[in-house]
Amino acid sequence: HKSTKPRSSRSYPILTMAHSGQTIPNISSLIKKTDHYDKDERYMATSDLCELLKRHSGGSEGGGSSASFLDSNTERQICTAVLRLLHDKSNDVQAIAVKTLGVL
């Protein structure tokens, strides 16, 4: 019997380093995983992106975009990846993509 950690316990240091140089590589890694062959990887990467955007939108003032902490290129990559996932063969991945669009 092998003990494994549940996938939902993943945490990325992105949230505490939003303005450091380490933010973009971690976000880029999540964006790449949205194109993974495994639907579970696509789902978790999209879910993690959604949570990241939600946490940052909660702290934004003046009704600004939830992705205002990102540069325009990264924001475009996230939007492109999420829109592509709306056509994913997995219904679960499609559902988390719709949820993420609501946060964007």
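Reader: Which residue caps the N-terminal end of helix 4, and through which atoms?

Author: In this predicted model, the cap of helix 4 at its N-terminal end is serine 90, whose side chain places an oxygen 3.3 Å from the backbone nitrogen of aspartate 92.

Reader: How many residues does helix 4 have, and what span is expected at 1.5 Å a residue?

Author: Helix 4 has 13 residues, and from its first C-alpha to its last it reaches 19 Å, close to the expected 18 Å.

Reader: Which residues of helix 4 are buried, and why do they line one face of the helix?

Author: The general idea is that an α-helix has 3.6 residues a turn, so residues three or four places apart point the same way. In the present case the buried residues of helix 4 are Val93, Ile96, Ala97, Thr100 and Val103. Viewed down the helix axis they fall within an arc of 105°, and therefore they line one face of helix 4.

Reader: Where is aspartate 88 found, and is it buried or exposed?

Author: Aspartate 88 is found in the loop between helix 3 and helix 4, and it counts as buried because its relative accessibility is 10%, where the cut-off for buried is under 20%. Its side chain reaches the backbone nitrogen of serine 90 at 2.8 Å, and serine 90 is itself the residue that caps helix 4. Leaving aside residues up to four places away in sequence, aspartate 88 touches Arg42, Val93 and Gln94, and of these Val93 is among the buried residues of helix 4.

Reader: How many disulfides does the structure hold?

Author: A disulfide is a covalent bond between the sulfur atoms of two cysteines. The structure holds zero disulfides. Cysteine 50 counts as buried at 1% relative accessibility, whereas cysteine 79, at 27%, counts as partly exposed.

Conventions
Residues are numbered from 1 along each chain as its sequence is written. This is a predicted model: local features need pLDDT of at least 70, side-chain atom pairs count only at pLDDT 80 or more; totals for chains, interfaces and linings use all residues. Side-chain values use heavy atoms; hydrogens and water are left out. Helices (H or I, at least four residues) and strands (E, at least two) are DSSP runs, numbered from the N terminus. Buried means under 20% relative accessible area, exposed over 50%, partly exposed in between (1.4 Å probe, protein chains only). A polar contact is a pair of N or O atoms within 3.5 Å; within protein, one must be able to donate a hydrogen and the other to accept it, and residues adjacent in sequence count only if both atoms are side-chain atoms. Contact means heavy atoms within 4.5 Å. A disulfide is a pair of cysteine sulfur atoms within 2.5 Å. The expected span of a helix is 1.5 Å times one less than its number of residues. The arc is that of the directions from the helix axis to the C-beta atoms.
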